[in-house]
There are 2 protein chains.
Amino acid sequence: MTVSAKTVPPAEPTTLHQRIRADLEGKILSGEWKPGHRIPFEHELMAQYGCARMTVNKVIAGLVAAGLIERRRRAGSFVIQPRIQSAVLEIPDLANEIAARGEAYGYRLLSRRLRVAGGADPAESGMATGEGVVELRCLHLSNGRPFAVEDRLIALAVVPEAASVDFSRTAPGSWLLGHVPWTAAEHRISALAAGAREARDLDVTKGAPCLCLERRTFRAEQTITYARQLFRGDAYNLVAHFSPKG
Amino acid sequence: MTVSAKTVPPAEPTTLHQRIRADLEGKILSGEWKPGHRIPFEHELMAQYGCARMTVNKVIAGLVAAGLIERRRRAGSFVIQPRIQSAVLEIPDLANEIAARGEAYGYRLLSRRLRVAGGADPAESGMATGEGVVELRCLHLSNGRPFAVEDRLIALAVVPEAASVDFSRTAPGSWLLGHVPWTAAEHRISALAAGAREARDLDVTKGAPCLCLERRTFRAEQTITYARQLFRGDAYNLVAHFSPKG
DNA sequence: GCCGCGCTCATGTCTACACATATGGGCGAG
DNA sequence: CTCGCCCATATGTGTAGACATGAGCGCGGC
């Protein structure tokens, strides 16, 4: 019977749970099962892995709790749309944020070039030397006044489409959020004084306090993008709500 | 048999799961079961609620996933110490952080008074007017040099013990993390220029950029504490790692 | 042709049982 | 008295089956 499935303990020290879960997670995170895809029915998975329905059920319940899957009675279980923002510390989509405040959002691309990652710049740590990147510098405006300058690198190895996107009207952050699923991110937040160039771009005096948000976003082990956003200290706050659990 | 348990659907539209879970969560969050408390064995809960062990097991597994409970074989299941840091954006325990960097942590209490919340100060929003609070001002040092000043309010209605704690050696943040379970928090991060007093406390020039972290922590609907930490911009970064799920 | 009833099927919840596994504590040997 | 082995026990994992629920869909009546 299904005993045969249990007589194969040689290689894997993992439990059945974990293997099934890892399998499903892998298919979702790798993109093999895209958002909206209906995953196999519990019956099918149960046959496929040779286990009881409770076992499959438990795994899927876990994925639901993790926010990867949505279940609908009678219809099946579906891979969920990537949420625009994590429930914990949102990856800010500046356009939305400004709009939510009732101000007019503006965007301007300052420069754009394709080049090869050199490795010298610490910003490029995590991107393989020799890898192609898009390098952008752009400005975010609120009611016509600049409030943030953004320097960004996008790894072409992970997002080849980025090479042919015209970022002169679309901010790279918004574009990436809508096009590329990510699995992890790292924020570094600091305060620093505006340099000469930054002061000019942000229309503040040199030395004015600015909030600096550096963000690296990953998919699996690959760095997707690095962004450094410098905000006028007098015009921007970061807010995060969260609870111990989810 | 246990059917009698199922023939009582009158008042509650909730499932057995949810009721048990709510029960246990309530006991933990209300403080009835303090951190370290051994919750009843699965056998006992199973008898208490008249259900199968799987059901209890599922509930407890959920609480483990939520980070409220820790399980130890043979020993039982225990209410977890409030985690030093949430997995998502840690509530920084400055002493630990400095120690982790290999620097010597120092702390100094600048002032302490008991008073009544006035409501005028925006810092006190969320605390009922007329409520007693402990008001602290203290300094955090790294290798003997100041790197952060902290202003803090603690609501005595929620944490009456705070009135009799001597904060001259223990930082309020560390004390609260170890003594009071919280259910939600809100961070506001901004950059601003050091004022005269702050410049003096932090040993920087007036106008130097500082990272300002305001934090409000809640238990159920009550504000537990408000903290405003001002960091030297040249000495401190906030780092947050996270993924779409938890 | 349109509407609604009812069947069907996938998930939701729960039970009763079974065996694996690790560990705390007791007991016996040295 | 101390150390180490062994066992009782609580959790970890999985199975097989049962009934409840609710939404999609087709069929039949109007």
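This is a predicted model: local features need pLDDT of at least 70, side-chain atom pairs count only at pLDDT 80 or more; totals for chains, interfaces and linings use all residues.

Student: What makes A:Ile189 count as buried?

Tutor: The cut-off for buried is 20 or more other C-beta atoms within 10 Å. A:Ile189 has 21 C-beta neighbours inside 10 Å, so it counts as buried. Its place is in strand β7 (residues 184-193) of chain A.

Student: Which residues is A:Ile189 in contact with, leaving aside its neighbours within four places in sequence?

Tutor: A contact needs C-beta atoms within 7 Å. On that rule A:Ile189 is in contact with A:Leu213 and A:Leu238, and with B:Ile189, B:Asn237 and B:Leu238 of chain B. As for C-alpha atoms, those of A:Ile189 and A:Arg215 are separated by 8.7 Å, and these two residues are 26 apart along the chain.

Student: And chain A as a whole?

Tutor: Chain A has seven helices and 10 strands. Of its 246 residues, 29% are buried. Among contacts in chain A with a separation of 6 or more, 60% come from residues 24 or more positions apart.

Student: How do you know that the length of helix α2 of chain A agrees with what it should span?

Tutor: Helix α2 (residues 16-29) of chain A has 14 residues, which at 1.5 Å a residue should span 20 Å. Its end C-alpha atoms are 20 Å apart, so the two values agree.

Student: Why are the buried residues of α2(A) said to line one face of the helix?

Tutor: The buried residues are A:Ile20, A:Leu24 and A:Ile28. Looking down the axis of α2(A), you find its buried residues within an arc of 70°, so they line one face. They pack against β1, α3, α4 and β3 of chain A. The face turned away from that buried side carries A:Gln18, A:Ala22 and A:Gly26, which are exposed. Just after α2(A) comes A:Gly31, with a positive phi of about 95°.

Student: What does helix α4 of chain B look like on the same tests?

Tutor: Helix α4 (residues 53-65) of chain B has 13 residues and reaches 18 Å from its first C-alpha to its last, close to the 18 Å expected. Its buried residues are B:Val56, B:Val59, B:Ile60, B:Gly62 and B:Leu63. They cover an arc of only 150° around the axis, so they sit on the same side of α4(B). Their packing partners are α2 (16-29), α3 (42-49), β2 (69-72) and β3 (76-79) of chain B. On the other side, B:Arg53 and B:Met54 are exposed. B:Gly67 follows α4(B) and has a positive phi, near 80°.

Student: Which element gives the largest share of the surface near DNA strand C?

Tutor: That is α4(B), with three residues. Of the 24 residues around DNA strand C, those that come nearest are A:Glu42, B:Leu16, B:Cys51, B:Ala52 and B:Met54. At least two residues each are supplied by α3 (42-49), α4 (53-65) and β3 of chain A and by α2 and α4 of chain B. By type, the surface divides into eight nonpolar, eight polar and eight charged residues.

Student: What makes β1 and β2 of chain A edge strands?

Tutor: The open sheet has three strands in the order β1-β3-β2 (chain A), with antiparallel pairing. β1 (38-39) and β2 (69-72) are its edge strands, as each pairs on one side only.

Student: How do you know that β2(A) and β3(A) pair?

Tutor: Pairing takes at least two bridges. β2(A) and strand β3 (residues 76-79) have four, in the antiparallel sense. A:Arg72 has A:Gly76 in β3(A) as its bridge partner.

Student: Why is strand β6 of chain B called largely enclosed?

Tutor: Eight of the 11 residues of strand β6 (residues 145-155) of chain B are buried, so the rest of the structure largely encloses it. Antiparallel to β6(B) runs strand β5 (residues 132-142), joined to it by 10 bridges. In this pair, B:Leu139 stands opposite B:Val149. The two strands form a hairpin with two residues between them, and B:Asn143 in the turn has a positive phi of about 50°. β6(B) is also joined by seven bridges to strand β9 (residues 222-232) of chain B, again antiparallel. There, the bridge partner of B:Ala148 is B:Phe231.

Conventions: Residues are numbered from 1 along each chain as its sequence is written. Chains are lettered from A and ligands numbered from 1 in the order in which they are written. The expected span of a helix is 1.5 Å times one less than its number of residues. A residue is buried if 20 or more other C-beta atoms lie within 10 Å of its own, exposed if 12 or fewer, and partly exposed in between; C-beta atoms are placed from the backbone. The arc is that of the directions from the helix axis to the C-beta atoms. Two residues are in contact if their C-beta atoms, placed from the backbone, lie within 7 Å. A residue is near a molecule or strand if its C-beta atom, placed from the backbone, lies within 6 Å of it. Ala, Val, Leu, Ile, Met, Phe, Trp, Tyr, Cys and Pro count as nonpolar, Asp, Glu, Lys and Arg as charged, and the others, Gly among them, as polar.
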